[in-house]
Amino acid sequence: MQNLKESKLAHLKSLEAFAAVMEGGSITKAAEKLGVTQPSVSQHIQRLESAFETELFIRQNGRIFPTERAKILLDDVESLLAGIDKTFRKWRRGQTKQLSHLRICASFSNCSLVLPHLLTRLSGQNTMHFQVTSASMEESVSALVENRADVAFHTKPLDHGSIENQRFLSARQVCVMPKTHPLSVHNALSPVDLDTQRMISVPKTDPCYPEHQEIMRRYNLVVQNLLETPYSTLAMQMAEEFDALYIGNVLIAELFCQKNQNLCWREIKEFDQKTNFYFAVSPWLQNSETERALKKSIADAFSELNSRLHLW
């Protein structure tokens, strides 16, 4: 078995030398790139030609020229070496504190509001590159497990045995409205203030929906439901268009109102359901320096909002 391992390793080094010769066009440049002697590179090429029983290069007047077989072989060798590089990146990823590249997947509302707040603060730390994808919870699970994403942001825990969800914020509900709305003069609202109002509502699949309905029944409230949507950003935008009210979590409300000066939010009593915000990293990053650095960066990015809005 030891001889087999050594043989595979020798073949791998020979293939690497072959790729370097093809790239540099000469034994000399290949040796310089690999940091070895020219005779060593020549031996690797001869070993490959012997193993494949074919001539890979034509030697003429001190120069070498690849044969057609060499050009065909190069495709396979490049794929092999790229696969090895990918494996090393996969297993070594996370062993550095530098958050220089992050592949992120998140729900739509997180992509549109929460992530911009986070990424603008992360980018100030060093040179950053972000790859962001809007994804459902199921898509995020697959991306993390298959190492196609480094971190996911959602308002529900991702359900997979190899994924550890970490809650970083918990946001209470508030009422969003146009600044010109009559109820905007109040600092806080009670459920009875909603009676007869025009509303944008959450769908039945939203975790807050049962509480909203129970409060409506308890106070015998009658509202004009203009729109039902799971998308909080759309709901708040339409609240302005329809001069209506929308009950959503305070983090999204605050970030949206910062961008839209025509809207404001007010505290509302008895709507106690909270929206939790979670992040989860790829299993390859768990307990790594990168995960710890990311966790600290998230806490730092939202520290001011957390202090002002009491997001726990």
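1. Helices (H or I, at least four residues) and strands (E, at least two) are DSSP runs, numbered from the N terminus. The model is predicted: local features need pLDDT of at least 70, side-chain atom pairs count only at pLDDT 80 or more, and totals for chains, interfaces and linings use all residues. Residues are numbered from 1 along each chain as its sequence is written, and side-chain values use heavy atoms, with hydrogens and water left out.

2. Strands β1 (residues 57–60) and β2 (residues 63–66) are antiparallel and share four bridges; two strands count as paired if DSSP finds at least two bridges between them. Ile58 faces Phe65 of β2. Two residues separate the strands, and Asn61 in the turn has a positive phi of about 55°.

3. Next, the five-stranded sheet. The sheet is open, with mixed pairing, and its order is β4-β3-β5-β13-β6. β4 (129–134) and β6 (166–171) are the edges; each has a single partner strand, so one side of each lacks a neighbour in the sheet. From one strand to the next, the twist averages 20°. Axes are lines fitted to C-alpha atoms, for helices over the stretch in contact, and angles run from 0 to 180 degrees between N-to-C directions.

4. Within this sheet, β3 (residues 101–106) runs parallel to β4, and six bridges join the two. Arg103 has Gln131 of β4 as its bridge partner. Helix α5 packs on the sheet and touches β3, β4, β5 (151–154) and β13; contact means heavy atoms within 4.5 Å. The direction of α5 makes about 170° with that of β4. Helix α6 also touches β3, β4, β5 and β13. The direction of α6 makes about 165° with that of β5.

5. The six-stranded sheet comes next. This open sheet reads β8-β12-β7-β11-β9-β10, again with mixed pairing. Its edges are β8 (188–189) and β10 (224–228), each pairing on one side only. β7 (residues 173–178) and β11 (residues 245–249) run antiparallel and are joined by four bridges. Val176 stands opposite Tyr246 of β11.

6. Two helices pack on these strands. Helix α9 (residues 250–259) touches β7, β11 and β12, and its direction makes about 155° with that of β12. Helix α8 (residues 232–242) lies across β7, β9 (198–201), β10, β11 and β12 (263–268). α8 runs at about 165° to β9.

7. How do α5 and α9 pack? Their axes are 10 Å apart, at an angle of about 75°. The two helices are therefore roughly perpendicular, a class that covers 65 to 115 degrees; under 35 is roughly parallel, over 145 roughly antiparallel, and the rest oblique. From α5, Ser109, Leu113, Val114 and His117 make the contact; from α9, Leu251, Ile252, Leu255, Phe256 and Lys259 do. These residues divide into six nonpolar, two polar and one charged. Ala, Val, Leu, Ile, Met, Phe, Trp, Tyr, Cys and Pro count as nonpolar, Asp, Glu, Lys and Arg as charged, and the others, Gly among them, as polar.

8. Helix α5 also meets α8. The axes come within 8 Å and cross at roughly 70°, and the pair is therefore roughly perpendicular. Phe108, Ser109, Ser112 and Leu113 of α5 meet Ser232, Thr233 and Met236 of α8. This contact has three nonpolar, four polar and no charged residues.

9. Last, the largest pocket. It holds about 860 Å³ of space. A pocket is an open set of points on a 1 Å grid over the protein atoms alone where a 1.4 Å probe fits, with protein on both sides within 12 Å along at least five of seven lines; lining residues have an atom within 4 Å of a point. Grid points are joined across faces, edges and corners, and the volume is the space filled by probe spheres set on the points.

10. β11 gives the largest share, four residues. By class, the lining has 14 nonpolar, 14 polar and four charged residues.
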